[in-house]
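Work through the exercises below with the model open. Try each task before you read its solution.

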Amino acid sequence: MKKNRYFLYLITTLLFSALLASCELEPMTYQGKDTLYFDIRDGAAWIDPSRWAHQYYSAVSFGTTADDVIKVDLPVCVSGMPSTIDRSFTIVEVKDSTTLQAGDYEGLETAYTIKAGETQTHAHLVFKRTAHLKNDTLRLQLALQENEHFALMYKDFGKAPQQYAPSSNPDFDFNRDASIHNIFVFDVMTKPAKWIGDDVSGRGRFGKFSPKKWQFMMKITDTSIEDYASTETMPSARQEAIAQTCANFVVEKAMARTPVLDEDGTMMYFYVDETTCPWAPFTKPADYFGGDNWTPYEW
């Protein structure tokens with residue numbers, strides 16, 4: 001009797017296992033034509049780069065570097081499974097939406113290839129510091145082209161799978177089409193990472209930032225753009241020394257009634273202690289000298 005029960009249990013188990021196996025679903029794979037898209041990403045160094053947020057644009061800033069050329073790497077990905085053959089595609093400059101001039105960049109090739117067994121390639125561009133970039137922002141717009149291998153279906157980056165929210169910049173991120181990428185190139189000096197000063201109150205060792213003040217500081221202290229990039233190149237003691245040197249200079253010139261003026265026409269302000277500059281931030285020279293018996297310092 002026990003043998004019969006065991007035999008019945010064994011048969012039932014085998015039949016149930018066979019039934020489950022026959023009902024098991026095959027894993028879903030990508031369906032549809034493979035799609036090309038720009039896969040530019042940006043994120044914190046401690047995050048796996050594959051998990052970085054998609055970026056709607058690329059910024060090329062000559063205002064924060066002394067280099068005359070800047071290299072930009074643009075990853076282009078394809079959805080779907082790797083192919084057994086090489087597949088070519090093209091990237092074109094959209095003339096109507098590009099304000100960058102000929103000669104400002106190089107490296108755009110006539111054709112690119114997604115190699116067999118791969119789902120990504122890169123476009124490597126080199127941008128040059130040219131005279132007409134000074135104090136201006138120009139744009140290069142690039143567009144992927146559909147062909148017999150690839151479609152262009154990702155019209156909204158927000159719908160791309162497995163991504164963090166894209167980084168936001170109201171001036172630059174108006175394009176959401178993943179087949180189009182804008183590169184903004186500018187030679188405008190922007191506040192460096194280690195600028196110690198508040199733009200609203202004007203307080204702090206360096207006071208309010210302005211390109212003119214930064215250029216003045218670099219000239220007086222023989223420092224470079226790269227010196228203001230990190231705490232390694234701009235430790236606290238060096239910040240204080242720079243502020244003191246600049247403060248000594250502007251105070252000396254003010255005593256000679258030749259004040260050093262900032263871009264807004266106010267007297268440059270630096271702070272080390274309460275006696276550094278005998279005027280408050282944003283002080284106008286006419287108010288400080290009590291009239292127009294002064295001449296701006298030329299440098």
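**Exercise 1: A residue in a strand**

Asn182 lies in strand S12. (Strands are DSSP runs of E with at least two residues, and helices are runs of H or I with at least four; both are numbered from the N terminus.) This is a predicted model, where local features need pLDDT of at least 70, side-chain atom pairs count only at pLDDT 80 or more, and totals for chains, interfaces and linings use all residues. Residues are numbered from 1 along each chain as its sequence is written, and side-chain values use heavy atoms, with hydrogens and water left out.

Task: Is Asn182 buried or exposed? Which side chain does its side chain meet in a polar contact?

Solution:
1. The relative accessible area of Asn182 is 0%, so Asn182 is buried. (Buried means under 20%, exposed over 50%, partly exposed in between, with a 1.4 Å probe and protein chains only.)
2. The Asn182 side chain makes a polar contact of 2.9 Å with the side chain of Gln141. (Such a contact is a pair of N or O atoms within 3.5 Å; within protein, one must be able to donate a hydrogen and the other to accept it, and residues adjacent in sequence count only if both atoms are side-chain atoms.)

**Exercise 2: The sheet**

Task: In what order do the strands of the open sheet lie?

Solution:
1. The order is S4-S12-S11-S7, 4 strands with mixed pairing. (Two strands pair if DSSP finds at least two bridges between them.)
2. Strand S4 (57-61) and strand S7 (91-93) are the edges, and each pairs on one side only.
3. Strands S11 (residues 137-144) and S12 (residues 180-186) run antiparallel, joined by 7 bridges.
4. Ala143 stands opposite Ile180 in S12.

**Exercise 3: Aromatic rings**

Task: How many aromatic pairs does a search of the whole structure find? Why is the pair Phe216 and Phe249 called edge-to-face?

Solution:
1. The search finds 16 aromatic pairs. (Rings of Phe, Tyr and Trp, the last by its six-membered ring, pair if their centres lie within 6.5 Å; planes under 30 degrees apart are stacked, over 60 edge-to-face, the rest tilted.)
2. The ring planes of Phe216 and Phe249 stand at 65°, with centres 5.6 Å apart, so this pair is edge-to-face.
3. Phe216 belongs to helix H2 (residues 211-221) and Phe249 to helix H3 (residues 236-255), 33 residues apart.
4. Both Phe216 and Phe249 are buried.
5. Phe249 also pairs with Tyr297: centres 5.5 Å apart, planes at 75°, so again edge-to-face.
6. Tyr297 has 25% relative accessibility, so it counts as partly exposed.
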